[in-house]
Amino acid sequence: MELREILRPDATLPALLEGYAWLPDLLRRSGGTPVRTRLMGRPAIALHGLDAVPFFYDEQHIARRSALPGPVLDTLFGRGAVHTLDGPAHRARKALFVSLLKDATGVDALAGQAVKEWDAAAAEWAHRPRIELFTEASVLITRSVCDWAGVPRGEDDGRATARDLVAMVDGFATAGPRHWRARKARTRQEERLSALIEEIRRSGTEDSGSALHAVALHRDDDDELLDPHTAAVEVLNIIRPTAAVAWFMAFAAHAMHRWPRQRELLREGGPEYAEAFAHEVRRFYPFAPFLGGVAVRDLEWRGERIAEGTLVLLDVYGHHHDPALWPDPYVFEPARFADGGPVGADLLVPQGGGDTETGHRCPGEDITVALLKALMPQLARLEHGVPPQDLSIPLRRIPTRPVDGFLLAPRPPVAG
C-alpha cells in the first residue's frame with residue numbers, strides 16, 4: 001500500500017455527519033473524477049456516472065463478501081445473508097429469491113393483500129383525529145407480507161414485527177440508540193424465525209408453497225440445507241425490505257402535499273401513471289446514499305488505478321440527481337417515466353443496478369414497485385387533511401424521512 005494511502009485522513013466521521021451530501025460533495029469538488037478517501041480505516045475510491053454502474057456490478061471487478069461492515073450485517077442484512085456471497089454461491093442463493101420475488105402472480109397477490117389491509121386500516125383511521133402515515137403504512141405492509149410469506153404476524157397483530165423491521169432499516173447507517181435498537185430487533189426476529197424453521201423441519205410437513213417453507217427447505221450450492229440461523233436471516237431478507245415501502249409512502253405523501261396537482265393526476269391516472277409516480281418517488285427522494293464493494297484484483301477505471309482490496313463506493317444519491325443523466329433532476333416529475341422509460345438497469349438504481357438474476361440488484365424491486373403502485377393511488381384518494389407538523393427531510397439522517405413521519409387527519413367520507 002502506498003504511503004499516501006496510509007496517511008490519507010479517514011472520512012468515516014464526516015460521512016456520518018454529512019449524510020447524503022457527503023459523497024456527492026466530494027465528487028463535485030473533484031470535478032467528477034474518481035475520489036480517493038478512507039472509510040472505516042480502509043482505502044476507498046468513489047465512482048460516479050452511468051458507466052460506473054456496470055463496472056461496479058461486474059463480479060470480475062467488485063466483490064461484496066468482505067465489503068459489508070459488521071454493523072450493517074448485524075442490523076440490515078444479517079450474518080450469512082445472500083448479500084455477503086459472490087460467484088456460484090451467490091447465484092445459487094439468489095435463485096431462491098428470484099423464484100419467490102419475481103413471480104408476477106405472487107407479486108400481484110401481495111399487492112392485492114396490501115390493498116385489503118389498507119382498506120381495513122383506512123376504515124379504522126376515520127375514527128381517529130390523526131395518524132402517522134409512516135408507522136401505519138409499516139404495519140399494514142408488514143401484515144400483508146407476513147401473510148403472503150406464510151410467516152406468523154407475531155405480537156400485537158403484526159405491530160411488534162413492524163417495529164422490528166423498521167428498526168433494522170432505520171439503524172443500519174448510524175451509531176447510538178438507533179443502531180442498538182436495530183441489533184436487538186434483528187436478534188428477536190432471527191430467534192423467532194429460527195424456531196419456526198426448525199419446527200417445519202421437525203414436523204416434516206409438505207411444502208405449503210410459502211416463502212417460509214421454501215427457505216426452510218432450500219438447499220444451497222453444496223446441496224445442504226441452510227442452518228436455521230441463516231435460513232431465518234434469509235426469511236427476514238424477504239420480508240424486511242418491504243419495510244422500506246413505508247419510507248416511500250411517507251415520501252409519496254410529501255410529494256402529493258407539496259405538489260397538489262400530482263395528487264390529482266395520481267387519482268385520475270391508471271396503473272401506468274402510478275408506476276411512473278413510484279419510479280419518480282424512488283429517484284427524487286433519498287434512501288440509499290451509496291453502495292460499497294471491494295476490488296477483487298488490480299483494476300483501472302477511466303484511467304484511474306484501483307488496487308486489489310480497495311473499497312469501491314458507488315454514488316447513488318448523486319447519481320439520481322445528476323443533470324447529465326436526469327434533466328431538471330431537482331424537479332419532481334413522474335412524466336419523465338411515461339411509457340415505461342427511462343428505467344434502464346444502469347440508470348434508475350435505488351435498489352441496486354445490473355441484472356437481478358445474476359447480480360446484486362435487489363430481487364424485491366418488483367415487489368416495492370407493485371406495493372407503491374397499489375397503495376399510492378389509495379393514499380391519493382383518501383380524504384384527509386395535513387395538520388401542522390415538521391415536514392422537513394434532513395439529509396444528515398440516513399435513512400431519512402419527513403421528521404414527523406407525515407401526520408394525516410383522516411376525514412370520514414360524506415354520505416351522499
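Student: Which residues of helix 7 meet helix 16?
Tutor: From helix 7 come Val107, Leu110, Ala111, Ala114, Val115, Trp118 and Asp119, and they meet Asp366, Ile367, Ala370, Leu371, Ala374, Leu375, Gln378 and Leu379 in helix 16. Contact here means heavy atoms within 4.5 Å. Helices (H or I, at least four residues) and strands (E, at least two) are DSSP runs numbered from the N terminus. By class, the contact has twelve nonpolar, one polar and two charged residues. Nonpolar covers Ala, Val, Leu, Ile, Met, Phe, Trp, Tyr, Cys and Pro; charged covers Asp, Glu, Lys and Arg; the others, Gly among them, are polar.

Student: What do these values rest on?
Tutor: This is a predicted model, in which local features need pLDDT of at least 70 and side-chain atom pairs count only at pLDDT 80 or more, while totals for chains, interfaces and linings use all residues. Residues are numbered from 1 along each chain as its sequence is written, and side-chain values use heavy atoms, with hydrogens and water left out.

Student: Why are helix 7 and helix 16 called roughly parallel?
Tutor: Helix 7 (residues 104-125) and helix 16 (residues 365-381) pack at about 30°, with axes 9 Å apart. The axes are lines fitted to C-alpha atoms, for helices over the stretch in contact, and angles run from 0 to 180 degrees between N-to-C directions. Angles under 35 degrees count as roughly parallel, over 145 as roughly antiparallel, 65 to 115 as roughly perpendicular and the rest as oblique. Helix 7 and helix 16 are therefore roughly parallel.

Student: Why is threonine 368 called buried?
Tutor: Threonine 368, in helix 16, has a relative accessible area of 3%. Buried means under 20%, exposed over 50%, and partly exposed in between (1.4 Å probe, protein chains only). Threonine 368 is therefore buried. Not counting residues up to four places away in sequence, threonine 368 touches Val245, Phe248, Arg282 and Gln351.

Student: And what makes valine 386 partly exposed?
Tutor: Its relative accessibility is 29%, so valine 386 falls in the partly exposed class. Valine 386 lies in the loop between strand 9 (384-385) and strand 10 (407-410). Outside four places in sequence, valine 386 is in contact with His257, Phe406 and Leu407.

Student: How do you know that strand 9 pairs with strand 10?
Tutor: Two strands pair if DSSP finds at least two bridges between them. Strand 9 and strand 10 have two, and run antiparallel. Histidine 384 stands opposite proline 410.

Student: What makes strand 4 and strand 9 edge strands?
Tutor: The open sheet has the order 4-10-9, with antiparallel pairing. Strand 4 (131-132) and strand 9 each have a single partner strand, so one side of each is left without a neighbour in the sheet.
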